[in-house]
Amino acid sequence: MATRQTQILARTLLSPAVVLLFIWMIVPLALTIYFSTLHYSLLDPGSESFVGLDNFRYFLTDPAFIASLQNTLVLVGSVLAITILLGIPLAMLLDQPVIGQGIVRLMVIAPFFVMPTVSALVWKNLLMHPVSGLFAWLAKLAGLQPIDWFNDAPLFSVILIVSWQWLPFATLILLTALQSLDEEQKEAAEMDGARALSTFIYITLPHLARPITVVILIETIFLLTVFAEIFVTTGGGPGLQTTNIAFLIYSQALIQFDVGSASAGGLVAVVIANVVAFFLVRIVGKNLEA
Amino acid sequence: MARMVTTRRVWISTIAAWLFGFLIFFPILWMILTSFKTELDAFATPPFFLFFHWTTENYATVQERSDYFHHALNSIIIAGGSVLIAMLIAVPAAWSMAFSPTKRTKDILLWMLSTKMMPPVGVLVPIYLICRNFGLLDSRTGLIIILCLGNLPIVIWMLFTYFKEIPKDILEAARMDGATIGRELIYVLTPMAIPGLASTLLLNFILAWNEAFWTLNLSTSEAAPLTVFIASYSSPEGLFWAKLSAASTLAIAPILILGWFSQRQLVRGLTFGAVK
């Protein structure tokens, strides 16, 4: 009797969250699917007509799509590589006994808490400005020609900024994982005469495999839709050089007001994200049972 | 002998760690320094590091010229409102899943997580149009609703992982002693849940404060929080680096402080308990 009551109570407590999330997921998605089959321009209201898969054909064969897909992949891949390859040694360093460890930790984690528009503008204006940015001064100091970052290497500049934002995240997760590594195991390996390198390859790396996977999956989900950093630094340019899929869809929707084609693009983005999400959900789900 | 080596190792790793920590922190430090320069000094080459004319006039000008506090208030209302509402919905849900799990609980949790995987840009068009039709463009209410729903899965997940760690035996013990459900809630569960509630609140407040996709797309002036306000400095007119730095420093300072408090919960919250 009591259990039955508890069950009803539990269901009542749970339902608002489930209903709201269901609406939040299904209504916009259904509308996106619906719009993607329409010829629908906000500049020309009332002219909506069903066009089948034309928007998809248009979006997927648009040279801008290929360019932005390529930019998206380069951006995601580079940031992942940079944050993990730098994050592992950094996490191992912070795992050592260090004097003032708390303060170092705070300095390393700080960029993660900076809002994207701030970090993008601070990097663009204070550090990367070709005339009076700090990097230009350093280049001149070293006798080099200062780089005009956002004209000569626009995508790389965006990658640099986004990597700076995500390095703390990777480092912090890897550090947390390292701290749970059994010290005795490492000591035993050292006693057996294992060198630092083999301890790293055979003990540390396998232990980090799971957290690295988690970092890759979570970062990928966020990196696929990097927006603010591009919005305030390059506006997708020069040309299409820094336009990623998220920015392309934004510009088709809110600059060119082409709802149909932007919706088709949105669905493409959803599909790409779902492939990643599939793996992440499986990993997290496995953990739920343990 | 062994001790000597250890001390040396500590020194080496200390120096290396401080060096890297400083490098990573440097852009923020540089921004804070620049915020105390005159516009002319901010633009000078070679740059001034510490020996410049320190001034706080930028902080005053930012408020006068662009109504900084209006946007700061928007940030507080939007981030705070969205998180509080999300907590109201999430606490009962996470509670029921942690304490009366059913066969479907795991599926429901994973489904909630999967809604967070939806790229916002995939639903930009319909959300934009819905907001336009309901007069929610550039409105705080609109942003509160959207950020609340966007963060709801993370809030539920974090709370769930905290609640699950509360031992159930303690509830039974309280019940055996004749505690009613009300007393059980107030005297037994609430004290044990408060740390989890606090860190969930904190982390999601930070996430909402820094959210820069919906805020940039759905607000322009009236409801614009600090993310949008800072973005308005991206227009190339004039040299406003010192003022940009002052505005940025003000925008990130409270979050940096809150963030430093919540860094331990961060890992857990953002990895949905997959890394502890």
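**Burial and fold of chain A**

Of the 290 residues in chain A, 44% count as buried (20 or more other C-beta atoms within 10 Å of the residue's own, with C-beta atoms placed from the backbone). Bear in mind that this is a predicted model: local features need pLDDT of at least 70 and side-chain atom pairs count only at pLDDT 80 or more, while totals for chains, interfaces and linings use all residues. Residues are numbered from 1 along each chain as its sequence is written, and chains are lettered from A and ligands numbered from 1 in the order in which they are written.

**Overall shape of chain A**
- You'll find 13 helices and 2 strands in chain A (DSSP runs: H or I of at least four residues for helices, E of at least two for strands, numbered from the N terminus).
- The C-alpha trace of chain A spans about 80 × 75 × 30 Å along its principal axes.

**A helix in chain B**

**Where the chains meet**
- In chain A, 83 residues are in contact with 82 residues of chain B (C-beta atoms, placed from the backbone, within 7 Å).
- Helix H1 of chain A (residues 2-36) gives the largest share of the side that touches chain B, 17 residues.

Key
A residue is buried if 20 or more other C-beta atoms lie within 10 Å of its own, exposed if 12 or fewer, and partly exposed in between; C-beta atoms are placed from the backbone. Two residues are in contact if their C-beta atoms, placed from the backbone, lie within 7 Å.
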